[in-house]
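This report concerns side-chain contacts in a single model. Please consult the sequence and structure shown here alongside the text.

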Amino acid sequence: MGFSRAVISEKGLNRKARAGDGALMHLRRTNQTTDSNQTISVAAILGGLYSRSGTNTNRTDTTATAADLLAAMPEMDIGDTYTFMVSNATANPLVIAGGTSVTASGNLTVPTLQSKFFVLEKTSATAMTLYGC
């Protein structure tokens, strides 16, 4: 599983999907219950739903590195994005931070007992930006 381009039929011609064509989402949930700050694995991000439970205090979970994410999504072009959701099933806020070469931007806090979408954008051959939506 990873970033692969769907084929879109437009006026009888097939082309690879591009940004703005919409999204098909078939989420696979990864549940993290360890009561410590964690790294969100590539598999958890690509699954589309990272669920956090079992913490007793505020936590900060960090994405995988840009190198690992981009290696798993070789079809990404600069400017392409990948969206995933984080669900916080704890009584404490959860902050999502960017891993190495993943620049964090915007509000990256998932409030108590809520979910939030995050967008990873490929900004260069070796870097990504993480946006909280």
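The sections below treat aromatic pairing and then salt bridges.

## Basis

The structure is a predicted model.

## Aromatic pairing

Across the whole structure, the search returns 1 aromatic pair. Its partners are F84 and F118, whose rings are stacked, with 5.8 Å centre to centre and 25 degrees between the planes. The stacked label applies because planes under 30 degrees apart fall in that class.

F84 belongs to strand β7 (residues 81–88) and F118 to strand β11 (residues 114–122), so the contact ties together parts that are 34 residues apart in sequence. Both F84 and F118 are buried.

## Salt bridges

Side chains of opposite charge can pair when their charged atoms come close. The model contains 2 salt bridges.

In one of them, the side chains of R59 and D35 meet at 3.1 Å, N to O. This pair links distant parts of the chain, 24 residues apart: R59 is in strand β6 (residues 59–63), whereas D35 is in the loop between β3 (28–32) and β4 (39–40). R59 has a relative accessible area of 17% and is therefore buried, since buried means under 20%. D35, at 31% relative accessibility, counts as partly exposed.

The other salt bridge joins the side chains of R52 and D61, at 2.5 Å, N to O. R52 is buried, with a relative accessible area of 1%, and D61 is likewise buried, with a value of 0%.

Key
Residues numbered from 1 in each chain as written. Predicted model: local features only at pLDDT ≥ 70, side-chain atom pairs only at ≥ 80, totals over all residues. Heavy atoms only, no water. Phe/Tyr/Trp six-rings, centres within 6.5 Å; stacked < 30°, edge-to-face > 60°. Helix = DSSP H or I, 4+ residues; strand = E, 2+ residues; numbered from the N terminus. Buried < 20%, exposed > 50% of the residue type's maximum accessible area, 1.4 Å probe, protein only. Salt bridge = Lys/Arg side-chain N within 4 Å of Asp/Glu carboxyl O.
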